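Please look over the chain shown below before reading on. The notes that follow go from the overall fold to the confidence of the model, and then to a single residue.

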Amino acid sequence: LSDFPADQTGFYVPADYRGAFGETNWLEGWSHLSQAGHLGDIDGGPGVPAGDVLITSDIVADTTWTADNNYLLGGPIWVREGATLTIEPGTTIYGFEAEGAVTPGALVIQRGAKIIADGTAEAPIVFTALAERDGIDDDGDPATPTVPITLEDSGQWGGLVILGRSVLNTANADGKDFGEFKVEGFPTSTASDLVTYGGNNDDDDSGILRYVSIRYGGSVLTDNNEINGLTLGAVGRGTTIEYIEVFNNSDDGVEFFGGTVDTKYMAMLFNEDESFDIDQGFRGRGQFWFALQKDIGEQSDFLGEHDGGDGDDKSLEPLAEPLIFNATYIGGGVNGKAGKGAFNMTDNFAGQYHNSVFTDVRGYAVAVGGELTLARVNDGKLRFENNTFSGFSELTASGSAEELLLVSTDRGNTTSDA
């Protein structure tokens, strides 16, 4: 097994195994995967009836959402700069598309705002589609009964978006000494300050997400302009993110648009497009990441789409250098319809995976594209060490020396074909 870097042992949890799971299952009890019975019988305890509260205005002052209410979002709601939204453990937030809305319900944490969503295993905080509770109107006739939501019913609302002020690897914005981007998924008419992320503070603090389940989201505004289950734009390392589930999102499970935030116990389940998407110079640490693809409906794409830069100059620093230990990524089956491969790495990506398991994927294990990314393999910044690769149609996309080096047994990896 790979040892943790000596100067970073305060973040990583000792684990004498490969993959995201040891003797205990950290998804037990709080995740949808568990509550739906896929991990065994769970006694959730007595439920407390809750009333519906429709949220129609942005949050401009410190606000608390309580577990004795359900909160309904029919369009995008912003937590504005300077405000903190606290969500009690056990609270459920339902998203839907209100009549006349351009974009379905979503919750956006603006730069300089905070979210404190600190759930527990016994009382997780759930963001989901109103259709999970009320059913799907499959025929457009309100007089007929709805039908239960299924894995084919993604994209029923938006998602959770957090925007921060850490450093991006793009050219400086006009009149500023740092780069900025605008987050995808919202109309071009949206006020710029509401959707902009990036800054000069890698220690930026956007709050706490702990024991949070995000389900059935990912509304599509236009082609290649969707909302991820969890969008993290330049989120800083002062933010706490752990025990997160994204279930059946129509776009990525989580996308890191740059940033330095560290994350643990991340489960991306049955999402379309990618499970873990990284770009714009993301360099946080991660441990116990889990991805599981689906093979029905709109099928999943890559387990990991990992890019370095997103501006015109892909060589700009900081490099995308995430350091991931103990991941388990499971595809939709070697003979299934889902997926192109496990990893697609381009645009100067320079991250590392250690002590992890990747298996049961249609297509290849790794693809490395572009001269800059090939150079990162050769200089040792892009590395895969002490991992298990099994159940692939092929190990590499092109058979290049760099791709073969990534999966090499000389680096402690074990490999086997399907």
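**Briefing on the predicted chain**

The chain holds 5 helices and 29 strands. Its radius of gyration is 21 Å, close to the 22 Å that the globule rule gives for 418 residues, so the chain is as compact as a globular protein of that length. This is a predicted model, and the mean pLDDT of the chain is 92, with 95% of its residues reaching 70 or more.

**Overall dimensions and packing**
- Taken along the principal axes, the C-alpha atoms of the chain fill a box of roughly 60 × 55 × 40 Å.
- Of the 418 residues in the chain, 57% are buried.
- Among contacts between residues at least 6 apart in sequence, 72% join residues that are at least 24 apart.

**Surface and charge**
- The chain exposes about 16100 Å², of which carbon and sulfur atoms supply 46%.
- There are 23 positive and 67 negative side chains in the chain, and the centres of these two sets lie 6 Å apart.

**Where to read with caution**
- Over residues 41–49 the pLDDT stays under 50, and for this stretch the model has 4 contacts beyond four places in sequence.
- Where pLDDT is low, the predicted coordinates should not be read in detail.

**Thr84 and its surroundings**
- Thr84 belongs to strand β5, which covers residues 84–87.
- Leaving aside residues up to four places away in sequence, Thr84 touches Ala61, Asp62, Thr63, Lys114 and Ile116.
- Thr84 and Asn335, which are 251 residues apart in sequence, lie 47 Å apart in space from C-alpha to C-alpha.

Key: Residues numbered from 1 in each chain as written. Predicted model: local features only at pLDDT ≥ 70, side-chain atom pairs only at ≥ 80, totals over all residues. Heavy atoms only, no water. pLDDT = per-residue confidence, 0-100. Contact = heavy atoms within 4.5 Å. Helix = DSSP H or I, 4+ residues; strand = E, 2+ residues; numbered from the N terminus. Rg over C-alpha atoms; globule rule 2.2 N^0.38 Å. Buried < 20%, exposed > 50% of the residue type's maximum accessible area, 1.4 Å probe, protein only. Areas by Shrake-Rupley, 256 points an atom, 1.4 Å probe, with all protein chains shown as cover. Lys, Arg positive; Asp, Glu negative; His and termini not counted. Charge placed at Lys NZ, Arg CZ, Asp CG, Glu CD.
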